[in-house]
Amino acid sequence: TLRMARSRSGQCWIAHLQCDSLGSMNAIPKLKPGEGLTIDEFLAFVASRPQGERWELIEGVAVMNPAPIEWHQVICVNVATFLMAQKRRTGATWLPLLGVGTQVPLSPKSLPQPDVFVKEGVATDNSVTADALVIFEVLSKSNSKADQAWRRKVYASGPNCQHYVTVSLKRERKRRKLNEAPELAALGLALPVVEIYRYTPFGEA
């Protein structure tokens, strides 16, 4: 359930999510034209919040997400570690990073944050990127189809985005093909599914 509240000043739109134990966003905010936060207003708002809170800007609304579960975090580390090892082995110019706010031209008042992304070049001191080449998101049981479709659409509008990879935590193990290795042509490699799910129950044959 998504609950939205407007600040007394009328300038700050904030959403708080009520989620299940694997929590995630399950609704896309709908505001009238001209309403909602800009990216600069959102970044100023987040800077005023306690460290450790996880916020995204979704269609002008600041959305606070619940803390991820350990399986989710293990998968993020698995993906980033595998990619970093491949970068060292091949001398690739791209760099895997844990997610930061990602600008999406299709929705100027949005700043979604993927779990892992890959960019060309070196890391910077910015908390926002427009350079995502590959985006990874780990889906929970409560991810709605509307949320997934929205993210797929807006990430695809990124000028450099070549692949959007979602990783499921709800598919039955017997249906998961651990011997597969999807090709990521933009990186010149294949990512083995078994590496994604390593150290989780989902990676067991």
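In which helix is Cys76 found? In this predicted model, Cys76 belongs to helix H2, and the chain around that helix comes to 4 helices and 12 strands. Of the 205 residues in the protein chain, 44% are buried, and among contacts between residues at least 6 apart in sequence, 61% join residues at least 24 apart.

**Cys76 and its surroundings**

- With a relative accessible area of 6%, Cys76 counts as buried, because the cut-off for that class is under 20%.
- Once residues up to four places away in sequence are set aside, Cys76 touches Asp115, Val116 and Val138.
- One of these contacts, Val116, lies 40 residues from Cys76 along the chain, yet the C-alpha atoms of Cys76 and Val116 are separated by 6.5 Å.

**Nonpolar cores**

- The largest nonpolar core holds 25 residues, and those touching the most other members are Ile75, Leu83, Phe136, Leu187 and Tyr197.
- At least two residues of this core are supplied by each of helix H2 (70–90), strand S7 (116–120), strand S9 (132–139), strand S10 (163–168) and helix H4 (193–196), with the largest share, 5 residues, coming from H2.
- Leu83, when its neighbours within four places in sequence are left aside, is in contact with Trp94, Pro96, Val118, Phe136, Leu187 and Leu189.

**Salt bridges**

- The structure contains 5 salt bridges by the rule applied here, and Glu56, Glu137, Asp147 and Arg151 are linked in a network of them.
- Within that network, the side chains of Arg151 and Asp147 meet at 2.8 Å, taken from N to O, and both Arg151 and Asp147 are buried.
- Arg151 and Asp147 are separated by about one helical turn, because they stand 4 residues apart in helix H3 (residues 145–156).
- Arg49 pairs with Glu53 in a salt bridge whose closest N and O atoms are 2.9 Å apart; Arg49 is partly exposed at a relative accessible area of 31%, and Glu53 is likewise partly exposed, at 26%.
- Arg198 and Glu195 also form a salt bridge through their side chains, at 2.8 Å from N to O, with Arg198 partly exposed at a relative accessible area of 32% and Glu195 partly exposed at 24%.

**Cavity**

- A search of the whole structure returns 1 cavity of 30 Å³ or more, and the volume of the largest cavity is about 50 Å³.
- The lining of the largest cavity is formed by Thr102, Gln103, Val104, Ala130, Asp131, Ala132, Ile135, Tyr155, Gly158, Pro159, Asn160 and Cys161.
- Sorted by class, this lining has 7 nonpolar, 4 polar and 1 charged residues, and Asp131 is the charged one, because Asp is counted in that class.

Methods:
Residues are numbered from 1 along each chain as its sequence is written. This is a predicted model: local features need pLDDT of at least 70, side-chain atom pairs count only at pLDDT 80 or more; totals for chains, interfaces and linings use all residues. Side-chain values use heavy atoms; hydrogens and water are left out. On a 1 Å grid over the protein atoms alone, a cavity is a set of points where a 1.4 Å probe fits but cannot get out, and a pocket is an open set with protein on both sides within 12 Å along at least five of seven lines; lining residues have an atom within 4 Å of a point. Grid points are joined across faces, edges and corners, and a volume is the space filled by probe spheres set on the points. A salt bridge is a side-chain nitrogen of Lys or Arg within 4 Å of a carboxyl oxygen of Asp or Glu. Buried means under 20% relative accessible area, exposed over 50%, partly exposed in between (1.4 Å probe, protein chains only). A nonpolar core is a set of buried Ala, Val, Leu, Ile, Met, Phe, Trp, Tyr and Cys residues joined through side-chain atoms within 4.5 Å. Contact means heavy atoms within 4.5 Å.
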